[in-house]
Amino acid sequence: MNRINLPPYDIKLREKDGKRQIFDFLRRKYVALTPEEWVRQHFVHYLVAHCGYPKGLLANEKELRAGDKRLRCDTLLYNNDLQPLMIIEYKAPEVEITQHVFDQISTYNRLLHVDYLIVSNGHHHYCCRMDYEKGGYSFLENIPLYEDL
């Protein structure tokens, strides 16, 4: 897989029926190893191991419903009251982070109304804090530690 701008971790890979899989420690199962999944697994491990995010408050591939339309957030972080606090959207390393990616995560946020949005392709990571009173957002220089949320 591609080298990315995230710390390494003890990756668990396997091959099943001729397809490579990676272990998702949040879902506790092996999933198809795609470039986007490579980024997701590295990023989630980074949040837990380096930023202090509680594993039990993170969820991968969380389904949302808007009427009869089904959407799926790549990763959600919940607060201690199990209310959504952060949406994280991943792209494959070769995918450029564009306005379209931010439009996608904004669609999810219209349903969830979270405080933080993160977008990463493994090379570049963008985090913004929402300001609903002023109707805007501000980009943060770094991914915040959990204790600072």
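I looked up Glu 37 to begin with and found it buried, with a relative accessible area of 5%; buried means under 20%, exposed over 50% and partly exposed in between, with a 1.4 Å probe and protein chains only. I note that this is a predicted model, in which local features need pLDDT of at least 70 and side-chain atom pairs count only at pLDDT 80 or more, while totals for chains, interfaces and linings use all residues. Residues are numbered from 1 along each chain as its sequence is written, and side-chain values use heavy atoms, with hydrogens and water left out.

**Salt bridges**

I then turned to the charged pairs, taking a salt bridge as a side-chain nitrogen of Lys or Arg within 4 Å of a carboxyl oxygen of Asp or Glu. The structure holds nine of these salt bridges. Glu 37 pairs with Arg 40, their closest N and O atoms lying 2.9 Å apart. The two residues stand three apart in helix 1, which means that about one helical turn separates them. I checked the burial of this pair too, and both Glu 37 and Arg 40 are buried.

Glu 37 also forms a salt bridge with Arg 27, at 3.3 Å between the closest N and O atoms. This pair links distant parts of the chain, since Glu 37 belongs to helix 1 (residues 35-51) and Arg 27 to the loop between strand 2 (19-24) and strand 3 (29-32), 10 residues apart; helices (H or I, at least four residues) and strands (E, at least two) are DSSP runs numbered from the N terminus. Arg 27 counts as partly exposed, at 25% relative accessibility.

I followed Arg 27 to another partner, Asp 24, whose side chain meets that of Arg 27 in a salt bridge of 2.4 Å, N to O. Asp 24 is buried, with a relative accessible area of 0%.

**Backbone entries**

I looked at Glu 61 again for its backbone, where phi is positive, near 55°, in a residue other than glycine. Glu 61 lies in strand 4 (residues 58-66) and counts as partly exposed, at 23% relative accessibility. His 113 likewise is not a glycine and has a positive phi of about 55°; I located His 113 in the loop between helix 2 (99-112) and strand 7 (116-120).

For helix 1, I recorded 17 residues and a reach of 23 Å from first C-alpha to last, close to the 24 Å expected at 1.5 Å a residue, where the expected span is 1.5 Å times one less than the number of residues. Its buried residues include Trp 38, Phe 43 and Leu 47. Just after helix 1, Gly 52 takes a positive phi of about 75°.

**Largest pocket**

My last entry is the largest pocket, which holds about 210 Å³ of space; on a 1 Å grid over the protein atoms alone, a pocket is an open set of points where a 1.4 Å probe fits, with protein on both sides within 12 Å along at least five of seven lines, and lining residues have an atom within 4 Å of a point. Among the lining residues I noted Gln 99, Asp 103, Met 130 and Tyr 137. Helix 2 gives the most to this lining, with five residues, while strand 8 (125-131) and strand 9 (136-140) each supply at least two.

Definitions and conventions
Grid points are joined across faces, edges and corners, and a volume is the space filled by probe spheres set on the points.
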